[in-house]
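Hi,

Here is the structure I promised to pass on.

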Amino acid sequence: MSGEKESLERLVDRVDELLVVLNKISEDLRSVSASIKSTVGSQATQATPQAPAPLSSEVQAKKKSVDNVRLAFPEDLEAMLSFQDKSDYIMVKPKQFLGSENFAKIASTVRGLGGEYISAGKDSHFRVPKKP
């Protein structure tokens, strides 16, 4: 029985590792998609005489980190969440009751990003570190 339990634990660990890899691949694909959309959008706006002023690199870095976390979630789950840039992490907070299935999906995605759930009553949230 204990050998079977160890085997199941190893299998669970391997599935978790695969989820991390798949989330990273998904994040990379979303980034590539956003880059392509940006390129297509910039080509369409090149005919416009005035382009918006470029954002400072600090603002772009903050925006990018929140956007990267946001893009890790499917649209249906993303709509249920708010994202806030904090000093060392991105706070992901539910806008509404999630239910157990949505909570599990969100928690899995957050874990894949190296984050964790912070249980604090009404202030409960997910925390995704900015640095790996």
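Below is what turned up, starting with the aromatic rings and ending with a surface patch and a serine.

One thing to keep in mind: this is a predicted model.

**Aromatic pairs**

A search of the whole structure comes up with 4 aromatic pairs.

Take Phe 73 and Phe 83 to begin with. Are they buried or exposed? Phe 73 is buried, at 2% relative accessibility, and Phe 83 is buried too, with a relative accessible area of 11%. The cut-off behind both calls is that buried means under 20%.

Next come Phe 103 and Phe 126, another tilted pair, with 5.4 Å from centre to centre and 45° between the planes. This pair also links distant parts of the chain: Phe 103 lies in helix H4 (residues 99-112) and Phe 126 in strand E4 (residues 125-129), 23 residues apart. Phe 126 is buried at 1% relative accessibility, whereas Phe 103 comes out as partly exposed at 31%. Tyr 117 joins in as well: ring pairs link Phe 103, Tyr 117 and Phe 126 into a cluster.

**A charge over a ring**

Which ring does the charged end of Arg 127 sit over? It's the ring of Tyr 89, and the charged end is 4.2 Å from the ring centre.

**On the surface**

Leu 8, Leu 11, Val 15 and Leu 19 make up a nonpolar surface patch, and together they have about 340 Å² of accessible area. Leu 8, one of the four, is in helix H1 (residues 2-45) and counts as partly exposed, at 49% relative accessibility.

**A buried serine**

Finally, look at Ser 65 in helix H2. Ser 65 has 17% relative accessibility, so it counts as buried. Setting aside neighbours within four places in sequence, what does Ser 65 contact? Its partners are Asp 85, Ile 90 and Lys 130.

Cheers

Technical notes. Residues are numbered from 1 along each chain as its sequence is written. This is a predicted model: local features need pLDDT of at least 70, side-chain atom pairs count only at pLDDT 80 or more; totals for chains, interfaces and linings use all residues. Side-chain values use heavy atoms; hydrogens and water are left out. Rings of Phe, Tyr and Trp (its six-membered ring) pair if their centres lie within 6.5 Å; planes under 30 degrees apart count as stacked, over 60 as edge-to-face and the rest as tilted. Buried means under 20% relative accessible area, exposed over 50%, partly exposed in between (1.4 Å probe, protein chains only). Helices (H or I, at least four residues) and strands (E, at least two) are DSSP runs, numbered from the N terminus. A charge sits over a ring if NZ of Lys or CZ of Arg is within 6 Å of the ring centre and within 35 degrees of the ring normal. Patches are made of residues with over 30% relative accessible area and no salt bridge: like charges are joined within 9 Å, nonpolar side chains (Val, Leu, Ile, Met, Phe, Trp, Tyr) within 5 Å. Accessible areas come from the Shrake-Rupley method with a 1.4 Å probe; for residues, only the protein chains shown count as cover. A salt bridge is a side-chain nitrogen of Lys or Arg within 4 Å of a carboxyl oxygen of Asp or Glu. Contact means heavy atoms within 4.5 Å.
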